[in-house]
Amino acid sequence: MDALGTQANTDASRSTRTSSPISPPQAAPRGHSVQLYADDQYLIRDLSRTLGAALGAGDTVIVIATGPHRDSLAKRFEERGLNLQQAIAEERYIALDAADTMSKFMVGNEPDKTRFFNVIGGVLQRANRNSAGEHHGIVAFGEMVAVLFANGQADAAISLEQLWNELSSLYEFNLHCAYPINLFHSSTDSESLRRICEQHQHVVPAESYTSLGNEPDRLLAVTLLQQKARALEHEIREREKAQKTLLQREAELRDFVENAVVPLHWVAADGTILWANNAELSMLGYTSDEYIGRNIAEFHADADAIRDIMVRLGRREPLDGYKTRVLCRDGSTRTVRIYSNVYCRDDEFVHTRCFTIDVTSRERAERHMAAQLALTHLMVDADSLADLAEDALGVICEASGCDMSSVWQVQEETGELRCIQTWHNPKHAFPNFEKSTLSSRFHRGEGLPGRVFETNKPSCIPDLQHDPNFPRRTTAIADGLHSAFAFPISVKGKVWGVIEFLSRKVGEPDQEFLVMMAGVGIQVGQFAERKQLDDARNKLAAIVASSDDGIVSKDLTGVVTSWNKGAERIFGYKAEEMIGRPITTIIPPHLHSDEPVILGKIQAGERIDHFETVRVAKNGDLIDVSLTISPVKDDNGRIVGAAKIARDITQQRKLERALHTAERLASVGRLAATVAHEINNPLESVTNFVYLAKTSPDISEDVRRYLNCADQELSRVAHIARQTLGFYRDNSRPVQLDAAKVINDVVAIYQRKLESKNLSLEKKIEKDVQVTALEGELKQVLSNLISNAIDASHFGGKLRVSAHSAYVHDRLGVRLVVADAGDGISPENQRKLFTPFFTTKKEVGTGLGLWITKELVEKVGGHIRLRSRTGTPSGTVISIFLPLQQEPADRQVA
Amino acid sequence: MGLTSAIIFSHIPDFCLPGTESDIDSSSVTSHRSTRGLDRKIRRILVIDDEKLVADSLAEILRRFHFDAIAFYSGEDAIEFAREQCPDIVLSDVMMPQINGIETVLKIQELCPNTRVLLLSGHAATADVLRNAESEGHRFELLAKPIHPEELLRRLQ
């Protein structure tokens, strides 16, 4: 219902607007006045009073008002006892409907002046006729302007007010307008109100003011109103500001959600999409019309998943990264994670707050990365390319979503590709295709593997159905395989093999995957290359480890960095003992000065070949070695150390020395043999002649004495000649002799000498010890040793002779020992003791005894040892080992 | 064996073999001298040595001890002699030009199976020559040069 429920009651007054803004309430203002009111009842009461007064005074009253206002006014007149019917009959009360009347002059939204003049002019003429001639006027009450204003046609209302004013120049009448004050509730209405008021000569404020009875009350009311107006103005400004801020925030929030990069949407409890932002639409490729208003389930690839999502949200259960797949407009799917909860009002599901994160690339990247990582691990662990392929295929298939794969290797002999390994998804089997794959051989360019072999580039077949160059096509399709791709494994740019993948789906693998596979091909190639290098290195390492030669490396400061088994054997040091220690550990002190020279040569890049020198083993033994030393270079060609090959030539040296000695002995022997005959014959003659002379009866005693001396001296010459120039060679073979008997025989010979020096002899002879020897030689050996021992002993000293069986180097034999407690032999003399013509007994010794002894002992494969010490106690022990079984001649040399 | 060892030791002046040196000095030689008039048959001994002085001096000594000693300077001459008349004993040097001592004594033994044979050598290589002969089954007594006359006499007894 319109706010204008009032019947106008115009106080017909022709006067212009009074100077006083305040009119008395009882009398209608004259001229064109406007009244504002808050309460319809008040307006009707006021109008009934003023208009009733006018009627009572005989004026004509025109009321152009809304139906309810007209009815209320009429009812009020009757209550006041006015005979309205008579006034109507006399045409002094003309009541018109505001809307009806307006319809007669409005053209569009504006009042038409001509029509207005005609329509309203007509009414005024009618009224004027009845009041003409008498001193009665016309009072009009109009509500058409208020109706227009209420309809939002403020300008039209003001135009209509202006027409009324123009009309007042043609007709004399008082016009009273009324507007409900609540039409001007907005601050923006102030201007309209001012313009409306300007069209009137009188403005009557609303009843809150007019109802006040006296001037001071009214002034107070005005003051309070002014204050209230200020306060309101201030509040309005504040509110306007707040409103503006609020609007800005709203716009920002709207922008935030609409243009955020994260896809967002609202879904109602029934799954209807209520709203979605640009990111969501662009992710899926739909327009907002195609998406909003539809059910969310239509856009999910997995029906069970979306059903589950809605059930969970229905339970007000938030979703925190729920992984599912959504369908795009182009038919592709995207893997997403959904984060969502529900906005409720009064516990009622209003809509979801759903964030959708597209993880397709990330998932793929993660899958690829996982595959890469797995491959890397496999490469670290795999022993061979075949091993690697076996495990790698599964990993790559899983990452790529392929169902079957195979590894093909180029066969060196035939130049063909042959499948060496297959793999298939455990959920599916492709028996016929697998069989066909394993039995296939492809030349360059033939089939998919052959094409990759030829081009050394990845290749794919999106649909096997349409590829003529895929010989296994029929079995592949029969087994349900539809697409394939393959990439090469290259070693140094040469194709080593091909890895082929097949999928049950038609289509190409994504680009990223192909790029990744190209990388894998290179990696696998590098792996193969590395394995080849490893193999070579292992072989070298095995050679180094198993070498009899010592192979050692050291850095440029001479610190050992590697030490092989050969070096351990030769020098006695373990690798862990030597690594980190200076190489001078094995260099004898007097040769330490060699090391800087060696290192200098190495640093200059020179190699040292077959440098024969001496090193010290852990046990102190000196070892003859032949060294070959080469510089070790790093990858940049910088010399970083030295590699040394040490060959133990101790044995070789021993052999050489033995050979040398043997040669020397042989030449001495040959010389002796030659000279012997020449000397022994004259010696024999001279001996005989001296004998003849001394046994001749005719010589004097003096001559006989001289000849006896000569005879003795000749015996001594004979003895020397015998020892020097080929001692007697026993013509028989060695026989087993009883050691005790032989020793006793020899000791008996020296009995006189022992007694003369008052020497005690201790004999310790094992019972029944047998010795294999030539008796003469053995006796000679023993007599040499016992004779030496007697000579070395001090008067009253002790001698010891022993014989017992012994094992030496697994050979059974006899050890004969002759010991004295003499002064001992100095170390330098010990070394010369077994050389010919060396003697410490200048007067009596020939310097041949021990030399001969040694030769005799070694001739039968035995050996002789000497231990002697000077100082206190002193003495010498010589021990001889004679094997029971004689060794072949070649052993005698050593 | 025992003999050969004794030979060696007999020539070492320091050695005093009981019952050898002193016997020769005091009794053996003396007894030879004292047996000069023994009615035993005088034994013929052929002394063979290409060294004329050796052969002559030995023969002279042996004759002094009543051997019928004849010196030869070659194996051939001795063999020629033996063909005519077998000696009791042959004492021959080993290393000789033309036919050596071993061949000589073997030939003589062939002619005179009862003749005693002694070899005398001053040469180390003799052992090898002997070993060859022994490998064919022959056994010889070998004396080393220089041999003292008394030792030789003792061996001949």
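Visitor: Which residues form one aromatic cluster?

Guide: Keep in mind that this is a predicted model. The cluster is made up of F105(A), F116(A), F117(A), W164(A) and F173(A).

Visitor: And how many aromatic pairs over all chains?

Guide: The count is 19. One of them joins Y286(A) and F299(A), edge-to-face, with 4.9 Å centre to centre and 75° between the planes.

Visitor: What does that pair tie together?

Guide: Parts that are 13 residues apart in sequence, because Y286(A) is in the loop between helix 11 and helix 12 of chain A, while F299(A) is in the loop between helix 12 and helix 13.

Visitor: Are those two buried or exposed?

Guide: Both Y286(A) and F299(A) are buried.

Visitor: Switching to charges: what sits over the ring of F453(A)?

Guide: That's the charged end of R444(A), 4.3 Å from the ring centre. There's also K854(A), over the face of F834(A) at 6.0 Å from the ring centre.

Visitor: OK, the largest nonpolar core. Which residues touch the most other members?

Guide: L778(A), I786(A), L816(A), I880(A) and L882(A), out of 41 residues in that core.

Visitor: Which element gives the largest share?

Guide: Helix 27 of chain A, with seven residues. Other elements giving two or more include helix 25, strand 28 and strand 31.

Visitor: What is L778(A) in contact with, leaving aside neighbours within four places in sequence?

Guide: L737(A), V742(A), V771(A), A773(A), L816(A) and L882(A). Apart from this core lies another one of 40 residues, among them I64(A), F105(A), Y171(A) and L175(A).

Methods:
Residues numbered from 1 in each chain as written. Chains lettered and ligands numbered in written order. Predicted model: local features only at pLDDT ≥ 70, side-chain atom pairs only at ≥ 80, totals over all residues. Heavy atoms only, no water. Phe/Tyr/Trp six-rings, centres within 6.5 Å; stacked < 30°, edge-to-face > 60°. Helix = DSSP H or I, 4+ residues; strand = E, 2+ residues; numbered from the N terminus. Buried < 20%, exposed > 50% of the residue type's maximum accessible area, 1.4 Å probe, protein only. Lys NZ or Arg CZ within 6 Å of the ring centre and 35° of its normal. Core = buried A, V, L, I, M, F, W, Y, C linked by side-chain atoms within 4.5 Å. Contact = heavy atoms within 4.5 Å.
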